[in-house]
Amino acid sequence: MIRKERRKRKEGGVEEEIDFKSIEKKWQEEWEKNKIFEVKGAREKKKYYVLEMFPYPSASGLHMGHALNYTIGDIYSRFMRMQGFNVLYPMGFDSLGLPAENAAIKAGKNPRGYTEKAIKNFIKQMKELGLSYDWSRVIETHKPEYYKWDQWIFLKMYEKGLAYRKKAPVNYCPKCKTVLANEQVHNGKCWRHKDTDVEIRQLEQWFLKITEYADELYKGIDKLKGWPEIIKKLQKNWIGKSHGTEILFEVIKPEGKKESWKIFTTRPDTIFGVTFMVISAQHPKLMELVTKEQEEKVKKFLKKIKSVSEKEMEELEKEGVFTGSYAINPVNKEKIPIYAGNFVVADYGSGMVMAVPAHDSRDWEFAKKYNLKIKEVISGGNVKERAFIGEGVLINSGQFSGMKSERARIEISKFLEKKKLGKRTTEFRLKDWLISRQRYWGTPIPVVYCEKCGVVPVNEKDLPVELPEKVKFGEGNPLETAKNWVWVKCSKCGWKARRETDTMDTFVNSSWYYLRYTDPKNNKEIFDKKKSEYWMPVDQYIGGAEHACMHLIYSRFYYKFLRDLGMVKGDEPFVNLFNQGLLHGEDGVVMSKSRGNVVLPEEVSEKYGIDTARLFLVSQASPDKDISWDENGIEGSLRFIKRVFDFVVNFESGKTSELVESKLNKAIKEITEDIKNFRYNLAVIKLREFFDNIPEEEISKKDFGTFLKLLSPFCPHIAEELWHKLGNKTFISLESWPKDGKINEKLLKEEKQIERIVVDIRNILKILEGRGEGGRVVKIFAIPSEISLYEKGKEKIEKKTGLEVKVLSIKDAKKFGEKVVKAKPGKPGILIG
RNA sequence: GCGAGGGUAGCGAAGUGGUCAAACGCGCGGGACUCAAGAUCCCGUCCCUUAGUGGGUUCCUAGGUUCGAAUCCUAGCCCUCGCACCA
């Protein structure tokens, strides 16, 4: 019945074009008008919190790459919503930061106006993508109502001694004119200016003591069951925990003064093999160790290593120079020379290492170069050829000689502990978080410097410390140019005080924003505890892998801090993490404005409809893989959508057969699992597979509606439109997700068998055609038990092959005397004539 | 160097012990429709052979385990990403 209808239309030859634009607009307006995506903390419903990493709102707007990111989360949210969860799916903007400031300076404008315009544009574009955000919960980090709470957290950290100031060698980017965090330095270059070397400067800076949580952050990684293994590995590497022993070495300084240095080593078993010490060339106390005789040489050396460019740094040879000072090995009282070296990291351990050239390849290299003693203390290698870093038996090690190295590590540590010459410790690669930025467009650090009282934190009731509007951009820190803002009265003594003019790193803003979504408009407190307890933790976090180390560690740190403050429950903010792949342009390179290969959603939407684009983006590959934009590919998605649309336009409700019902139930079952596990690509295939079967069968309105529900997370506008075309009055977006029912496997198997015979018949026909022969009738000789099966499928076979079908028993085949008619179970004999 | 991931038909991409010559999409070829093109629909798409069959060679390379491997193990090659002298 349906087939006939379709054929008739084809004869008419008029294809109705789908007006994507007005369909999209219509439903976006309906959704908004009816506030269907706004959520309340309904306790009777189970909550589910889906979150995408919020974007920095750039003026250039969204491109297809962003569309992919958000579509992945939107599909998930829509799916979970239909599954009956109370879904929190918010969006906001990480709107403070260098790019806005730089762009605004370029345009000669204040970053605020610039940023707010960009946000407006972002929201418009996001709405056009059909994303089902709760727009009543938008947060913008540049608003004082938001960053007030950044400042509040800072004050709490200050109270607890977790925010502190210290002079430290810092990374300074001459282009950004600001200090960078370690994480923002990539291979010695600025993360934003890949061609700019980062300089080292000594400044007073604010730090957050993330290292206080280093061990917990490290240990907690294993409990993150819903996180990708790769991210967990990256974090572990980043935090870099290593066990070892801190050994006290006596250092004899030039004037003969003695000083105790804690030297960290993971190999205390090699202590008897120490033949020299190396202090980092960047160490602030280096010059204290340099004797007059060596001063010139050391200075020359420092100058030299400063001038090497980053490229050379990579294959840099170990270099150093003698400082003139000595240290005393605590176990055998040997006097050992201290060198300054370029391969020692200043802020790891104490910035000085004990060198055991026989058993460490770096030390070995250095010793060879400067002709230093190599003393073998663990047997098993050939230390004249290379360092032996493996395990073995100790030699030349006093009372420890003859002991196995693994055991010696413990015994020597114990020995040192007993003599109070050392202790076993754990070192972390993770360093405290430097948050000071000499920039305007960030959260002001809420402290003042009083001439009498020194550092005075701003009172909580005086928050927020708002960014002044009137500043001059140019060299250095713009906030210093706002004189009226800078000079205030000290809240303690009333004397003249100067505000801190540094602002906070933007990663501060993104370290807790997920909590603010739970209560975005609260102006009394950072968030209502009850509300955050209902929604937290984030059940599904979605974002790029590039944030593995910075944002995702900082957020975990903040969450733990707030927990210790009694603000939140639980130890981790994000239960499940999904890393989506990147979209590449047609040139195969990651889509980006600077590359110039962007595809704009507006343009795609105009041409194909946004649902088509959404469908295409997730059907290319598993969403965690990178994919490429492909005009041909999206045509394929368009074809599918057109077919579905077409089908509904000409829809005539029929009776769903048991076979179709089985297929539908199977589709429901599989698609549900696929979406749940982010296998969107496979879900789409199953949608297509099911739909491709319908035109040959009848289906009821209700059951076709079920198909539309399955389609709706991917193509929400089209699904909504067709749902209504079928006569439904509700929003499909709020319908409940279909439950799978009975699947008659036998029927499905039988159908496969029919399909197989159709292929067989076609093959024969083709061969016959090649010979110039043909036939109108096909005789199927089945084994007795299968006769009824083919009898049932007769009509279908006739339709598909265009031949008249006669089903006979194989026992009758002999009458035809043909050797071609052999029959096996599942493979009846065939005779075409 | 270390760590992680990966190499599947012309391309993209599923599949991770038998049901695999291997889903699906794109591309390509053929057919229907059309005056024609496009769109649409149907069929095909590793090679040879054939009345639906049978055979051969495949899932980076080379070995191995197994009754049986794209799937497991070993070695090697290549690609991508992360860390990069952390003592």
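1. Asn371 sits in the loop between helix H11 (361-370) and strand E16 (378-379), where helices (H or I, at least four residues) and strands (E, at least two) are DSSP runs numbered from the N terminus. This is a predicted model, in which local features need pLDDT of at least 70 and side-chain atom pairs count only at pLDDT 80 or more, while totals for chains, interfaces and linings use all residues. Residues are numbered from 1 along each chain as its sequence is written, chains are lettered from A and ligands numbered from 1 in the order in which they are written, and side-chain values use heavy atoms, with hydrogens and water left out.

2. Although Asn371 is not a glycine, its phi is positive, at about 60°. Most residues other than glycine have a negative phi, and most peptide bonds are trans. Asn371 is exposed, with a relative accessible area of 72%; here buried means under 20% relative accessible area, exposed over 50%, and partly exposed in between, with a 1.4 Å probe and protein chains only.

3. Phe678 also deserves a look, for it has a positive phi of about 60° without being a glycine. Its place is the loop between helix H20 (658-676) and helix H21 (680-693). Is Phe678 buried or exposed? With a relative accessibility of 6%, Phe678 counts as buried.

4. The bond from Leu463 to Pro464 is cis, with omega near 0°, and Pro464 belongs to the loop between strand E22 (454-457) and helix H13 (483-486). The bond from Met536 to Pro537 is likewise cis, with omega near -5°, and Pro537 is found in the loop that runs between helix H15 (529-535) and strand E26 (538-543).

5. Strand E26 takes part in an open sheet of four strands, whose order is E2-E1-E26-E27 and whose pairing is parallel; two strands pair if DSSP finds at least two bridges between them. At the edges are strand E2 (86-88) and strand E27 (574-579), each of which pairs on one side only. From one strand to the next, the twist averages 20°; axes are lines fitted to C-alpha atoms, for helices over the stretch in contact, and angles run from 0 to 180 degrees between N-to-C directions.

6. Within this sheet, E26 and E27 run parallel and are joined by five bridges, and Gln540 has Asn576 in E27 as its bridge partner. Helix H3 (residues 64-82) packs on the sheet and touches strand E1 (47-52), E2, E26 and E27, its direction making about 175° with that of E1; contact means heavy atoms within 4.5 Å.

7. Six bridges join E30 to strand E31 (residues 804-809) in parallel, with Lys779 standing opposite Lys806 in E31. Four bridges join E30 to strand E32 (residues 829-832), and these two run antiparallel; the bridge partner of Ile780 in E32 is Ile830.
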